[in-house]
Amino acid sequence: RGAYVHTITLSQEQAALAQARIDEAGFADRVHIELRDYRDVEGQYDAIVSVEMIEAVGEKYWATYFDTVSKHLKPGGRFGLQAITMPHDRMLASRHAYTWISKYIFPGGLIPSLDAIAHHASDMQIVDRHSLGLEYAHTLKLWRERFDQNQAAIRALGFDATFDKMWQFYLAYSEAGFRARHLDVWQLGLQKAS
C-alpha cells in the first residue's frame, strides 16, 4: 500500500527475525525496526497496530497504554488492536487471582474485557470488530500437535519433561478456554476523534 512502517519491540531476537524477513521481502527502505518501549515512542502516525500486547501490560497501565496510543495518533487516525479478551464479569472476578497462568506464563498481565478496552480507549471509539476466538482455538490445537510432533528437536534444545508438561497444559487449557467462549480474540478497529 506504500506505507512507511515504524515498528517497536523490546525483544532483540524478535527485532532480528523481523529485520531478516523485511530484508528478504525487499522492504528495508520502508520498514524501520526499533528496540524501544511503547511509552518512549515519538512522533505522530496515521495508524497504529498492536497485536496481543495489552494482555501483558497489566490493568494498572491500561490508561497509560491507550493515552500513549492516542497521543501518537493523528486526529482521525486509526488504531488496530488485536486482543485476547474475556467477559467483563469474569475479568472483574479473576483480576486479583493468582493462577497457574499468572505464575508461569503471564506474570503481571491481565486479559481485558471489551468493556474495559472501550472504557480506557479515551478519545478513540471502536468502529469495527471481528471475533477470532474459535479460529484461535483451532490454532492452539495445531500448535499442540506440532509441539508433539517435534519432541526430539525440543529435547535437543535442552527442554525437559517439566517444560513439556507445562507447555502441553498451557496449550490445552487455552484451547479449552476459547472453545468454551470463556476467552475470545478480537480484532478491533478504533478511530481517534478528528
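Which hand does the crossing of H7 and H9 have, left or right? The crossing of H7 and H9 is left-handed, a label used if the near helix is turned anticlockwise from the far one by less than a right angle, with clockwise giving right-handed. A note before the views: this is a predicted model, where local features need pLDDT of at least 70 and side-chain atom pairs count only at pLDDT 80 or more, while totals for chains, interfaces and linings use all residues. Residues are numbered from 1 along each chain as its sequence is written, and side-chain values use heavy atoms, with hydrogens and water left out.

**View 1. The whole chain, with 9 helices and 6 strands.** Helices (H or I, at least four residues) and strands (E, at least two) are DSSP runs, numbered from the N terminus. Take the contacts (heavy atoms within 4.5 Å) between residues at least 6 apart in sequence: 82% of them join residues at least 24 apart.

**View 2. Helix H7 (residues 133–149) against helix H9 (residues 161–179).** The two axes come within 8 Å and cross at roughly 160°. Axes here are lines fitted to C-alpha atoms, for helices over the stretch in contact, and angles run from 0 to 180 degrees between N-to-C directions. Among the residues making the contact are Tyr136, Trp143 and Phe147 of H7, and Phe163, Trp167 and Phe178 of H9. The contact residues split into 11 nonpolar, 4 polar and 6 charged. In this count Ala, Val, Leu, Ile, Met, Phe, Trp, Tyr, Cys and Pro are nonpolar, Asp, Glu, Lys and Arg are charged, and the others, Gly among them, are polar.

**View 3. An open sheet of 4 strands, ordered S3-S4-S6-S5.** The pairing is mixed; two strands pair if DSSP finds at least two bridges between them. S3 (45–51) and S5 sit at the edges with a single partner strand each, so one side of each has no neighbour in the sheet. On average, neighbouring strands are turned by 15° against each other, direction ignored. S5 and S6 (residues 184–192) run antiparallel, joined by 7 bridges, and histidine 130 stands opposite glutamine 187 in S6. H7 packs on this sheet, touching S4 (73–85), S5 and S6, and its direction makes about 130° with that of S6.

**View 4. Leucine 132, in the loop between S5 (124–131) and H7.** With a relative accessible area of 19%, leucine 132 is buried. Not counting residues up to four places away in sequence, leucine 132 touches Gln82, Asp184, Val185 and Gln187. Leucine 132 and alanine 121 are 11 residues apart in sequence and 21 Å apart in space, C-alpha to C-alpha.

**View 5. Positive phi at glutamate 52 and at serine 122.** Most residues other than glycine have a negative phi. Glutamate 52, in the loop between S3 and helix H2 (54–57), has a phi of about 45° and is partly exposed at 24% relative accessibility. Serine 122 has a phi near 45°. Serine 122 lies in the loop between helix H6 (114–120) and S5 and is partly exposed, at 44% relative accessible area.

Key:
Buried < 20%, exposed > 50% of the residue type's maximum accessible area, 1.4 Å probe, protein only.
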